Amino acid sequence: MRHGVHDSTGTGIPDLRAGAAARVPAQAQALPADRGRERGAVPPGVRGEHTHGERPIPQPRPVQRASVRGQILDALRTALVTGELAPGEVYSAPALGERFGVSATPVREAMQRLALEGAVEVVPNRGFRVVERGARELAELAEVRALIEVPVVLRLARTVPAERWAELWPLAEDTVRAASSGCRATYAESDRVFHRAVLSLSGNEQLMQIAEDLHRRSQWPLVGGPARRQRADLLADAAQHTALLEALIAHDLPTAQTLTTAHFAPTT
């Protein structure tokens, strides 16, 4: 996904299926001297440290497992959006871990998080199956998003001054640039940032968390649908952001309501 985990092909996640031959790269093992150092048993001279009063140089903090898991989670979410993790397919943690150059553990932990979010389901002794979604589920998600976000945006339209709305122009323009790239994952991220900025004006953190979860779910591809939204569809979606801001700045509530409602119409 875009946060520091890459593959040799530049696509993020390969088409790895459960059962494919996979070798988990060996993790770095502590040398005997390292284990002794942890116990304080290795003499300073063996460690190559100065022993005549110099101030020791701080060592870099080690990468924590949570950081690795977070990077893997971001990468897997991108693969879901782009369709590289195909609906209905089963993927094993060891195979994906080998591709990322990590053990199966952070991959499995990230997949378990995705299972809680409803993106995948656990297949005992095999791995994780990407959930298959149809047009009905996408329509239901769009309806729920509209029920939550449309009233909030309209309430904010009555109270937020025009200059505050104008501050969101750079984010709206970012979505237009992302749409121009034709990359679904890039656009999904910029779209998420824009919607979060709008809802942040409510000051309701719980609302933003729920909206982000719904937004994430609405980005997953449909079974039998195109793997990627067309660039023209992304551009049309981004254009609604700028049109909505124009209506909000002008305090045009009917237009803002129409645009906000249309923005959540399901697209495949």
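Strand 2 (residues 120-123) and strand 3 run antiparallel and are joined by four bridges. Keep in mind as you look around that this is a predicted model. The two strands form a hairpin, with three residues between them. In the turn sits Asn 125, whose phi is positive, at about 65 degrees.

Strand 1 (residues 90-91) pairs with strand 3 (residues 127-130) in the antiparallel sense, over two bridges. Which residue of strand 3 does Tyr 91 stand opposite? That residue is Phe 128, and Val 122 stands opposite Phe 128 as well. Here are the residue pairs to pick out on screen:

| Residue | Opposite residue in strand 3 |
|---|---|
| Tyr 91 | Phe 128 |
| Val 122 | Phe 128 |

Helix 9 covers residues 184-200 and helix 10 covers residues 205-218. Their axes lie 10 Å apart, and the helices pack at an angle of about 155 degrees. Since angles over 145 degrees count as roughly antiparallel, helix 9 and helix 10 are therefore roughly antiparallel to each other. The crossing of helix 9 past helix 10 is right-handed.

Which residues make this contact? Helix 9 contributes Ala 188, Asp 191, Arg 192, Arg 196, Leu 199 and Ser 200. From helix 10 come Glu 205, Leu 207, Met 208, Ala 211, Glu 212 and His 215.

Besides its place in the contact with helix 10, Arg 192 forms a salt bridge with Glu 189, and the closest N and O atoms are 2.7 Å apart. How far apart along helix 9 are Glu 189 and Arg 192? They are three residues apart, so about one helical turn separates them. As a general point, side chains of opposite charge can pair when their charged atoms come close. For the model as a whole, the count comes to 15 salt bridges, counting a side-chain nitrogen of Lys or Arg within 4 Å of a carboxyl oxygen of Asp or Glu.

Conventions. Residues are numbered from 1 along each chain as its sequence is written. This is a predicted model: local features need pLDDT of at least 70, side-chain atom pairs count only at pLDDT 80 or more; totals for chains, interfaces and linings use all residues. Side-chain values use heavy atoms; hydrogens and water are left out. Axes are lines fitted to C-alpha atoms, for helices over the stretch in contact, and angles run from 0 to 180 degrees between N-to-C directions. Angles under 35 degrees count as roughly parallel, over 145 as roughly antiparallel, 65 to 115 as roughly perpendicular and the rest as oblique. A crossing is left-handed if the near helix is turned anticlockwise from the far one by less than a right angle, and right-handed if clockwise. Contact means heavy atoms within 4.5 Å. Two strands pair if DSSP finds at least two bridges between them.
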